[in-house]
Amino acid sequence: MTARLHAYACRGEVAVRWRQNKHLRKSTLSYAEAGVVTAICFGLFILLSLQAVVAGFPDATYTDEGNAWIVGVELTLAASALFYLHLRGFDIGSLYPAPTLSGSLVGLGVFGLSWWVADVVTMLARTPGQVDVVNFSFEGVSAISAVALAVVNGSYEEVFLLGVLVRGLRGFGLSVAIGLPLLVRVLYHVYQGPLGVASVAVIGLALTLSYVITRKLWPAVLAHILFDIVATL
């Protein structure tokens, strides 16, 4: 009987310690940890984007095969980044962008407003006769492929840019928490040319502010998914 009670006590102590460790997991990052996450999640895409700039902004052609490659790469990098964050004691359980009705309404509002503001900014930035540097082609891309890429890419970018980097860097001040992840976002979109970068910066800032204000990932994730889907239409 004593041995059995001792076993129950040990199990209870383990359960308590597990719950305590779960609640003690952190939500902030050091600069070094933020750098590692950035390298894992966005390093490849920054390099590819800069390579496109050096190559003279080639047209961006999307295919089902290319979309599948992007989805596979992002899922692989996401698993790697989450494993690293888990080892560093980060609260990865809080990164799930739980859909809600109120969050969906906010996401729709952010989508519509930021789309309009981005259009105004690019219109003002456009010089007479200037055309978009990069032409995007989605001809032949199936609806399933387009939606799958939008869902995975929208979730991937906002979870790691906002849920990890913006949230993780808030201890260094709001300007750092907003500015550095926004810079990362712009860097892997420079392949879109000057007007594309201006649009991405405006939309990225809007998504970031929606997260800072609501502290919810779902509105930004939904807005990003909608942007990616509408772009293929």
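**View 1. Y31 and F172, a stacked aromatic pair.** At 45% relative accessibility, Y31 counts as partly exposed (buried means under 20% relative accessible area, exposed over 50%, partly exposed in between; 1.4 Å probe, protein chains only). F172 is likewise partly exposed, at 36%. The model is predicted: local features need pLDDT of at least 70, side-chain atom pairs count only at pLDDT 80 or more, and totals for chains, interfaces and linings use all residues. Residues are numbered from 1 along each chain as its sequence is written, and side-chain values use heavy atoms, with hydrogens and water left out. Rings of Phe, Tyr and Trp (its six-membered ring) pair if their centres lie within 6.5 Å; planes under 30 degrees apart count as stacked, over 60 as edge-to-face and the rest as tilted. By this rule there are nine aromatic pairs. The ring centres of Y31 and F172 are 4.0 Å apart and the planes meet at 25 degrees, so this pair is stacked.

**View 2. W115 and F227, a stacked aromatic pair.** Their centres are 5.6 Å apart, with 5 degrees between the planes. W115 is partly exposed at 35% relative accessibility, whereas F227, at 10%, is buried.

**View 3. The ring cluster of F42, Y156, F160 and Y188.** Ring pairs link these four residues.

**View 4. Surroundings of T208.** With 2% relative accessibility, T208 is buried. A polar atom of its side chain lies 2.8 Å from the backbone oxygen of G204. Leaving aside residues up to four places away in sequence, T208 touches L162, V166, I178 and R185 (contact means heavy atoms within 4.5 Å).

Definitions and conventions
A polar contact is a pair of N or O atoms within 3.5 Å; within protein, one must be able to donate a hydrogen and the other to accept it, and residues adjacent in sequence count only if both atoms are side-chain atoms.
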